[in-house]
Amino acid sequence: MRTQDDSKWNKTGTLITPTEGDVNAICEATTASRTLLIFSLDNCILFYDRQNLTEHLHQVCHNKDEINQLSINAKGNLICACDDSGEIKLIDTSSYQVVKTLTAHDNICSTVKFIPRKPWEYCLVVWIKIIRWDFNRGRPLCSLNQNELSNSNFGSYAINPPMVHTLDVFPSTSMVVCGLGNGTVCVYAMKSGRDMELLCASELHSASISCTCAIEISKSDSKIVEQFVVSGGDDRRLCVSKLVVRDGSKAGGKYNLELLSQVNHGSKINCLALHRNCEQFLIFVVDLTCFVSVYNLLMS
């Protein structure tokens, strides 16, 4: 999931000279004074002011290895960077200094996400493990190994279990959605203790899943919040699913991912980005071509 440069355009649509190198991650941080556009370039992080993309404000190279993903916390003051060595760097977006380094991982850390309602916590993926961290105390709260899942979900014990490629967190709940290397989308509940519970697992794709987005929509005529999952994969398909309760009651109910729509995109999907404009959801899709596609999501 990478491109060869971080090409940038000004307001008139003119291409600004790109930076050489492999860019694996990009994110946006809104602070009190400005909005930052942040790129990872190999093992370094470049900070740009979104109003002036001609040159970067600052560059840091705190990580030891190539950075796989960046995540910004709700306040926009902390950025989390995970890399191939399994190391996690927490960096202050105003001072550009490392706040904390977490190294208790023995393999590639492929993805990381802050948990919106838990300011001191984030979830990350280390190969086949999903780990929930309390970075204020510097210790893991719980972890889940793909080999520990029930046989009813993935069949017999896997000698080579599917790698977790992507992870996202629903904004107002304690649920995490993950995309696996075998085309399965999993939804987990992070409980108050040290447990993570598998709510459902659906084989939505025929190849590895490269990206997932967790969406919540509040109905205007009620307080009901509905959860949706958008996923893209190497099978060139873009899928929109709804998280539903099988027995109609969330109290002890069994969940399921109901496929609402799917699109044959035509190329392997590398990355998804969601934008909400009033009641309209737009999804930007980056693939192996030089084009960015935009889809209008219609969810019911």
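**Sheets, rings and a surface patch**

Visitor: How do E12 and strand E13 pair, and over how many bridges?

Guide: They run antiparallel, and five bridges join E12 to strand E13, which covers residues 121-126. Please keep in mind that this is a predicted model.

Visitor: Okay! Which residue in E13 stands opposite threonine 111?

Guide: That would be valine 125.

Visitor: What is the strand order in the open sheet of four strands?

Guide: The order is E12-E13-E14-E15, and the pairing is antiparallel. Strand E12 (109-114) and strand E15 (139-145) are the edge strands; each has a single partner strand, so one side of each has no neighbour in the sheet. From one strand to the next, the twist averages 20°.

Visitor: Let's move on. Which strands form the open sheet of three?

Guide: Those are E24, E25 and E26, in the order E24-E25-E26, with antiparallel pairing. Here strand E24 (269-277) and strand E26 (292-297) stand at the edges with a single partner strand each, so one side of each is left without a neighbour in the sheet. Neighbouring strands in this sheet are turned by 25° against each other on average, direction ignored.

Visitor: And how many bridges hold the pairing of E25 and E26?

Guide: Six bridges, in the antiparallel sense, with strand E25 spanning residues 280-287.

Visitor: Which residues form the nonpolar patch on the surface?

Guide: Phe284, Val286, Val292 and Val294 form it, and together they have about 310 Å² of accessible area. E25 and E26 are the elements that give two or more residues to this patch.

Visitor: Where is valine 286 found? And why does it count as partly exposed?

Guide: Valine 286 is found in strand E25. Its relative accessibility is 35%, which is why valine 286 counts as partly exposed: that class lies between the 20% limit for buried and the 50% limit for exposed.

Visitor: Are phenylalanine 39 and tyrosine 48 buried or exposed?

Guide: Both phenylalanine 39 and tyrosine 48 are buried.

Visitor: Last one: which residues form one aromatic cluster?

Guide: Phe114, Trp120, Tyr122 and Phe135 make up that cluster.

Definitions and conventions
Residues numbered from 1 in each chain as written. Predicted model: local features only at pLDDT ≥ 70, side-chain atom pairs only at ≥ 80, totals over all residues. Heavy atoms only, no water. Pairing = 2+ DSSP bridges. Axes fitted to C-alpha atoms, helices over the stretch in contact; angles between N-to-C directions. Buried < 20%, exposed > 50% of the residue type's maximum accessible area, 1.4 Å probe, protein only. Phe/Tyr/Trp six-rings, centres within 6.5 Å; stacked < 30°, edge-to-face > 60°. Patch = residues over 30% accessible without salt bridge, like charges linked within 9 Å, V, L, I, M, F, W, Y side chains within 5 Å. Areas by Shrake-Rupley, 256 points an atom, 1.4 Å probe, with all protein chains shown as cover. Salt bridge = Lys/Arg side-chain N within 4 Å of Asp/Glu carboxyl O.
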